[in-house]
Amino acid sequence: MFQKYFTIGAIGAALAVALGAFGAHSLKEMLPADLLAIFETGVRYHMYHSLGLMLVALLADRLGESKLLLSGARLLLAGMIIFSGSLYVLALSDIRVLGAITPIGGVAFLAGWVCIIVATLKSRKKAV
């Protein structure tokens with residue numbers, strides 16, 4: 001789990017930097033301010049959760065792998081794809097109905113963090 005999810009997180013972080021640069025330099029002149037802000041929100045959450053995925057991989061390496069940590073990592077990844085991906089497509093296409101998909105990614109983020117919290121608490125109980 002460590003190598004796979006740390007690598008996915010690092011690739012996600014690199015992609016977030018590239019998309020952020022693309023937004024700041026290329027899209028700034030092409031998109032109205034509201035769509036550019038939507039794109040930037042996608043980049044911000046993409047980066048946060050890429051780093052989070054790397055931290056979960058480190059946590060699994062330290063505490064040991066568990067189904068809860070694996071589920072948490074998978075949910076963070078799904079959230080990145082659904083939440084940030086829908087915002088990227090919305091910003092670039094101005095298809096506003098895509099905004100209805102975005103909360104599904106947000107729920108995936110929240111569920112992922114809950115899995116990680118529970119996994120950490122369960123691990124702590126075992127160590128005591």
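This is a predicted model: local features need pLDDT of at least 70, side-chain atom pairs count only at pLDDT 80 or more; totals for chains, interfaces and linings use all residues.
The protein contains four helices and zero strands. Read from the N terminus, its elements follow the order α-α-α-α. Along the principal axes, the C-alpha atoms fill a box of roughly 55 × 25 × 20 Å. Of the 128 residues in the protein, 38% are buried. Contacts can also be sorted by how far apart the partners are in sequence. Among those between residues at least 6 apart, 78% join residues at least 24 apart.

The helices can be taken in turn. Helix α1 covers residues 2-25, helix α2 covers residues 33-63, and helix α3 covers residues 67-93. Helix α4 covers 102-127, and a loop lies between α3 and α4.

Helix α1 has 24 residues, and the distance from its first C-alpha to its last is 34 Å, close to the 34 Å expected at 1.5 Å a residue. Helix α3 has 27 residues and should span 39 Å at 1.5 Å a residue; its end C-alpha atoms are 38 Å apart, so the two values agree.

How are the helices α1 and α2 packed against each other? Their axes are 8 Å apart, and the angle between them is about 160 degrees. An angle over 145 degrees counts as roughly antiparallel, and α1 and α2 are therefore roughly antiparallel to each other. The crossing in which α1 passes α2 is left-handed. Sorted by class, the residues of this contact are 19 nonpolar, six polar and one charged.

The pair α2 and α3 comes next. The axes of α2 and α3 come within 8 Å and cross at roughly 165 degrees. This pair is therefore also described as roughly antiparallel. Helix α2 passes α3 in a left-handed crossing. The contact of α2 with α3 has 19 nonpolar and seven polar residues, and no charged ones.

The remaining pair to describe is α1 and α3. Their axes come within 12 Å and cross at roughly 15 degrees. Angles under 35 degrees count as roughly parallel, and α1 and α3 are therefore roughly parallel to each other. Their crossing is left-handed. On the α1 side the contact is made by Y5, I8 and L19, and on the α3 side by L70, A73, R74, L77 and Y88. By class, this contact has seven nonpolar residues, no polar residues and one charged residue.

Which residues of α1 are buried? They are Y5, G9, G12, A13, A16, L19 and G23. The positions in this list can be read with the helical repeat in mind. An α-helix has 3.6 residues a turn, so residues three or four places apart point the same way. What covers the buried residues of α1 includes α2 and α3.

One of the buried residues of α1 is L19. Leaving aside neighbours within four places in sequence, L19 is in contact with F39, V43, H46 and Y88. L19 and Y88 are also among the residues that make the contact between α1 and α3. A separate distance concerns L19 and V56, which are 37 residues apart along the chain: their C-alpha atoms are separated by 23 Å.

Not counting residues up to four places away in sequence, L36 touches G23, L27, K28 and L31. L36 and Y88 are 52 residues apart in sequence, yet their C-alpha atoms are 9.5 Å apart in space.

The last stop is the end of α3. This helix is followed by D94, which is found in the loop between α3 and α4. The phi of D94 is near 60 degrees, a positive value in a residue other than glycine. With 40% relative accessibility, D94 counts as partly exposed, because that class lies between the 20% limit for buried and the 50% limit for exposed residues.

Terms used: Residues are numbered from 1 along each chain as its sequence is written. Side-chain values use heavy atoms; hydrogens and water are left out. Axes are lines fitted to C-alpha atoms, for helices over the stretch in contact, and angles run from 0 to 180 degrees between N-to-C directions. Helices (H or I, at least four residues) and strands (E, at least two) are DSSP runs, numbered from the N terminus. Angles under 35 degrees count as roughly parallel, over 145 as roughly antiparallel, 65 to 115 as roughly perpendicular and the rest as oblique. A crossing is left-handed if the near helix is turned anticlockwise from the far one by less than a right angle, and right-handed if clockwise. Contact means heavy atoms within 4.5 Å. Ala, Val, Leu, Ile, Met, Phe, Trp, Tyr, Cys and Pro count as nonpolar, Asp, Glu, Lys and Arg as charged, and the others, Gly among them, as polar. The expected span of a helix is 1.5 Å times one less than its number of residues. Buried means under 20% relative accessible area, exposed over 50%, partly exposed in between (1.4 Å probe, protein chains only).
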